[in-house]
Amino acid sequence: MEQLELPYVVKLNIYQGPLDLLLELIKKNKVDIYDIPIAVITDQYLEYLEIIKLTNMETVGDYLSLAAELGYIKSRMLLPLPQEDEDENIEDPRAELVRRLIEYEKYRKIADELNEMDVLGREIFQAGTDYYDEFGDPDVETEMMKTDMWSLIEAFRDFCKRRQLDFSEDLRFELESYSIRERGQEILYILRDKGQILFYDIFGDKPKKIDLVITFIALLEIVKDGLAGISQSGKHENIEIIFIGEDKIE
Amino acid sequence: MKIKLSNEYYKKIIESIIFVSDKPVKVEALKGYFKDLQPSELKEILDELVQEWDKLNRGFKLELVSGGYHFRTRSDLSTEIIEYNKEIKKFRLSRAALEVLAITAYKQPLTRIDVDQIRGVDSSGVLNLLLDKRLIEIKGRKDVPGRPFLYITTEEFLETFGLNSLKDLPSLKELEEISKDIGELL
């Protein structure tokens, strides 16, 4: 079948951000980074900004703030310097920006170096590594070890990702169906019954965003109160919630 | 283990342990298991193993990454490996992700704001991607208003880039050299 011709698209250089763009302009114009001709560079920067406005509205804010900064530096460059008195430490208005540019360029260089290394899964391979599943297998049983709240938070992120929860449809205003305390009691009820439960299982099948948040906070409260413990068999493995007791409540 | 075994025998045991492991086998773990070996003896055995496998000049070799030993393929064979195994998802990182990773590696632990300030652009999306890829992880919160998360690089980061430890990254001194060069380059 004959393909329809796609509309002509101009592919622009993709910049990583305002500093990236500014560095590229400095390179392109072959100017000294310690003596940037602010007027010229600002004009070119603003030209690019116009294009970015058309193509990428989301990131335009980041670019605008640097545009304002450039404008400010430009105006300060136009002002006559105060008389050279004893006070010779008047800083070049560009100094702060130059420092930031050099700092950023340093990390751009390291990023390049990282990219040139032999990377596992790209140049190097090893047995036993899962190159197919992005998130690995959570159901591997290994020896138990203690875990911390950060693993819980990461597991929560994973959970949302895994279920590919779409929260956009939840943009409705409703009365809160139940409180953190109530949810906590509910979890404790299940725990008392079963002794332990998997982290992923406490959220139910199709949780709403508010349910997720309430459940998660309720769980943190329960753990904080020492009513349940959490344990994890290894980094990024499934987290288990284990019932300890609730003398305090009963 | 009661009888002192010959080095050759130790080598066989150790390389088999490494062979069946899906993660680098930590030197510390080997030390803990082979209690009758002095650390220096163990090191000698491991060094010899690395050399012997390398001398064979086969498709894979024994390497020290992230504080442990693992068999890894030689880098010049990747094209065929990927071609043969079509299901392999080749590892890819965007420029932005590499930048954030570089910043995290050198400045850790650090917050999202720290990253944003260096890059001059919002990096939260990139940080989430790196979390998903397990190249960075959250390690507590910074004790400042808002209590932002602190990020650090993971063992997987070291494994991915074939580093034994963070010390294998170009040193800060070398970085200063880079800074100087930048002034001349630009």
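What span should the 13 residues of helix H5 (residues 95-107) of chain B have at 1.5 Å a residue, and how far apart are its end C-alpha atoms? The expected span, taken as 1.5 Å times one less than the number of residues, comes to 18 Å, and the end C-alpha atoms are 18 Å apart, which agrees. Helices here are DSSP runs of H or I with at least four residues, strands are runs of E with at least two, and both are numbered from the N terminus.

This is a predicted model, in which local features need pLDDT of at least 70 and side-chain atom pairs count only at pLDDT 80 or more, while totals for chains, interfaces and linings use all residues. Residues are numbered from 1 along each chain as its sequence is written, with chains lettered from A and ligands numbered from 1 in the order in which they are written.

Among the buried ones are B:Leu98, B:Glu99 and B:Ile103. Their cover includes H4 of chain A, along with H6, H7, E4 and E5 of chain B.

Turning to the interface, 46 residues of chain A are in contact with 42 of chain B, contact being C-beta atoms, placed from the backbone, within 7 Å. H4(A) gives the most to chain A's side, with 13 residues.

Elsewhere, B:Gln51 sits in helix H3 (residues 39-56) of chain B and counts as exposed, with 12 C-beta neighbours inside 10 Å.

How values were computed: Contact = placed C-beta atoms within 7 Å. Buried ≥ 20, exposed ≤ 12 C-beta atoms within 10 Å, placed from the backbone.
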